[in-house]
Amino acid sequence: MKLAGLKSIENAHDESVWATTWVPPTETRSALLLTGSLDETVKLWKPDELVLQRTNTGHCLGVVSVAAHPSGHFAASASLDSFVRVFDVDTNNTIATLEAPPSEVWQMRFDPKGTILAVAGGGSASVKLWDTATWNLVATLSIPRPEAPKPSDKNSSKKFVLSVAWSPDGKRLACGSMDGTISVFDVGRAKFLHHLEGHFMPVRTLAYSPTEPRLLFSASDDAHVHMYDAEGKTLIGALSGHASWVLSVDVSPDGAAIATGSSDRTVRLWDIGMRAAVQTMSNHADQVWGVTFGPAGGPGRLASVSDDKSISLYDFS
């Protein structure tokens, strides 16, 4: 496996680019790359040449997360303005606007079937589940707090929820928090199952393997990437090599590799079998907030976005 640089766009946004994901292809078009920035915009890019297709406005503060529906027909953007905007990818028409109190909107993900949008609830120490047919809030999964906290305990905010990930079958939801813990829920029963431990700093991104349903990867400010058996509550391995915070992680469609982005300004490719970094890319001049592999079945692609306002696209083979 190897990454080869295809194209980079400098000043892709006017400010830091904090979020990216791929919009799956539809019957009428190929996959698109979706990016969100602190400049309050969301942009859609034609892959390979990174040609700008469309710029979406509507937020009044920076965009911190983007998510694409499995159908490829609509997507969502979450902003520091405490709104989630759901929009039609091809027309940019707003489908729904979901409101949350301040600091209640962080990372979000559609479930594999596309029936639920999970939104990390930030300061409420919860994850909100929205029905994508009605856009009604259908459940709130509360992250358990430490047992018997003292009235003077100021660490309750440490349960601030930053990240979410769905298992491939959509039955489990993993949530990463500011204090380094990862909480796993049975979504059907809206029931907390257990914590996964090992990190002691914020867990900013989580990703399940598409081929090993129990295998969960976590990226943390402690500069490590952890591999967990999310059902067996077991830490399988810890990958080290980044010199600073690991801000993002994604798993390749074949499940054989992961990519990570870090505040050390690098993108790393890791061989899961070897449990080692096999390549380091230094395209960016500032911290790398997002890495995302292209959809299965398409040309092998990886994209990364950074505080330096740029997007880089790599061939993955």
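Modeller: A nonpolar core is a set of buried Ala, Val, Leu, Ile, Met, Phe, Trp, Tyr and Cys residues joined through side-chain atoms within 4.5 Å. What follows is read from a predicted model.

Colleague: How many residues does the largest nonpolar core have?
Modeller: Val84, Met108, Leu117 and Trp135 are the members with the most contacts inside that core. The core as a whole has 17 residues.

Colleague: Which strand gives the most residues to this core?
Modeller: The elements that give two or more residues are strand 6 (63-68), strand 7 (74-79), strand 8 (83-88), strand 9 (94-99), strand 10 (108-110) and strand 11 (116-120). With three residues, the top contributor is strand 7.

Colleague: Which residues does Trp135 contact, leaving aside its neighbours within four places in sequence?
Modeller: Trp135 is listed with those that have the most contacts inside the largest core. With the sequence neighbours set aside, its partners are Phe74, Val86, Ile95, Ala96, Leu98, Phe110, Leu117 and Trp130.

Colleague: How many residues make up the other core, which lies apart from it?
Modeller: Leu129, Ile143, Val161 and Val164 are among the members of that other core. Its count is 15 residues.

Colleague: What is the volume of the largest cavity?
Modeller: The whole structure was searched, and one cavity of 30 Å³ or more was found. The volume of the largest cavity is about 50 Å³.

Colleague: How many residues of its lining are charged?
Modeller: The lining includes Ser82, Glu99, Glu104 and Lys128. Strand 9 and strand 12 (126-131) each give two or more residues to this lining. By class, the lining has six nonpolar residues and one polar, and the charged ones number three.

Colleague: Is Asp250 buried or exposed?
Modeller: Asp250 lies in strand 22 (residues 246-251). Buried means under 20% relative accessible area. Asp250 has a relative accessible area of 18%, so the residue is buried.

Colleague: What distance separates the C-alpha atoms of Asp250 and Leu206?
Modeller: Setting aside neighbours within four places in sequence, Asp250 has contacts that include Ala207, Ile258 and Phe293. Leu206 is 44 residues from Asp250 along the chain. The separation of their C-alpha atoms is 7.8 Å.

Terms used:
Residues are numbered from 1 along each chain as its sequence is written. This is a predicted model: local features need pLDDT of at least 70, side-chain atom pairs count only at pLDDT 80 or more; totals for chains, interfaces and linings use all residues. Side-chain values use heavy atoms; hydrogens and water are left out. Buried means under 20% relative accessible area, exposed over 50%, partly exposed in between (1.4 Å probe, protein chains only). Helices (H or I, at least four residues) and strands (E, at least two) are DSSP runs, numbered from the N terminus. Contact means heavy atoms within 4.5 Å. On a 1 Å grid over the protein atoms alone, a cavity is a set of points where a 1.4 Å probe fits but cannot get out, and a pocket is an open set with protein on both sides within 12 Å along at least five of seven lines; lining residues have an atom within 4 Å of a point. Grid points are joined across faces, edges and corners, and a volume is the space filled by probe spheres set on the points. Ala, Val, Leu, Ile, Met, Phe, Trp, Tyr, Cys and Pro count as nonpolar, Asp, Glu, Lys and Arg as charged, and the others, Gly among them, as polar.
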